[in-house]
Amino acid sequence: MLLGCLPGLAAVAALGLCAGGVDHAATAASGPRPPAARPAVAHPAVRPPIVPRAVWLDDLARHAQPPPRYDDKVVAVFVHHTDSPNGYACADAPRIIRYLYAGQTGARDWDDIGYNFLVDRCGTIYEGRAGGVDRPVTGAHTQGFNHRTAGIAALGTFTAGVPVPQAMVDAIAALTAWKLGLSGVDPRADVRLVSSNSRSRYAAGTPATLPALAGHKDGYMTSCPGAALTARLPEIRRTAARLQGRTAGRAVRTLTGTP
């Protein structure tokens with residue numbers, strides 16, 4: 001199931017394809033709390049330029065919405081693609097994001113766009129869901145795993161054989177390095193999260209060990225973010241770790257993802 005983004009009414013119709021993998025009101029997982037992880041060692045990365053919501057969302061398009069919801073920190077990032085055409089001009093990215101927002105808040109009646117961030121083919125990073133890019137905003141991007149995670153959507157379709165622009169790959173790596181660095185998380189590590197929804201790959205309340213930089217399909221039954229972008233995730237992890245100033249080598253530390 002993939003999220004579509006096409007001009008006009010087609011955008012709203014196509015959005016239903018991937019929407020089953022997203023929940024707009026995440027609920028806290030129940031069950032006993034596991035032991036706390038050791039304190040993370042600080043490995044901050046430089047914050048990349050992020051275009052604010054005001055660039056793609058104007059007063060005419062904006063819907064009334066409740067206050068943002070927050071977790072205590074972000075320990076994992078999920079990467080998506082929007083299943084939309086790849087040949088767009090980068091100047092049109094704000095319009096494309098506005099169509100995504102309109103489909104999710106209109107046809108699907110969500111309170112906001114689900115993704116925390118979106119990245120276009122030229123490597124420009126856009127603020128998605130409201131609440132502050134430097135804060136652990138609870139998104140609506142990966143069914144069952146919206147708590148303590150951030151969702152990054154690549155604008156385009158990246159199925160097998162489709163080239164993924166290097167600028168996009170580099171931007172996702174820079175954003176991941178910065179966002180996970182705020183919590184001291186190694187992008188190459190595994191983290192433990194608890195599913196909040198049985199429509200994910202894991203029954204509600206089930207602990208799951210997932211990559212700190214994961215694809216949408218790691219948490220939900222979908223092919224998103226596409227085979228081509230999925231194949232670039234190891235490179236993105238390595239680049240993000242390097243941008244955090246980490247030495248070469250495999251990360252083996254597993255963090256606990258429950259508050």
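I started with the lining of the largest cavity in this predicted model: its residues are four nonpolar, two polar and four charged. For these classes I counted Ala, Val, Leu, Ile, Met, Phe, Trp, Tyr, Cys and Pro as nonpolar, Asp, Glu, Lys and Arg as charged, and the others, Gly among them, as polar.

Next I noted who lines the largest cavity: Q65, P66, P67, P68, R69, D111, D112, R129, A130 and T138. A cavity here is a set of points on a 1 Å grid over the protein atoms alone where a 1.4 Å probe fits but cannot get out, and lining residues have an atom within 4 Å of a point. The largest cavity holds about 70 Å³, a volume being the space filled by probe spheres set on the points, with grid points joined across faces, edges and corners.

How many cavities of 30 Å³ or more are there? I found two.

Then I turned to the largest nonpolar core, which has 53 residues. Such a core is a set of buried (under 20% relative accessible area, 1.4 Å probe, protein chains only) Ala, Val, Leu, Ile, Met, Phe, Trp, Tyr and Cys residues joined through side-chain atoms within 4.5 Å. I172 is among those with the most contacts inside this core. Leaving out residues up to four places away in sequence, I172 touches V79, V119, I152, A154 and I236, with contact meaning heavy atoms within 4.5 Å.

A note on my numbering and cut-offs: residues are numbered from 1 along each chain as its sequence is written. Local features need pLDDT of at least 70, side-chain atom pairs count only at pLDDT 80 or more, totals for chains, interfaces and linings use all residues, and side-chain values use heavy atoms, with hydrogens and water left out.

Conventions
1 Å grid on protein atoms, 1.4 Å probe; cavity = no way out; pocket = protein on both sides within 12 Å on 5 of 7 lines; lining within 4 Å. Buried < 20%, exposed > 50% of the residue type's maximum accessible area, 1.4 Å probe, protein only.
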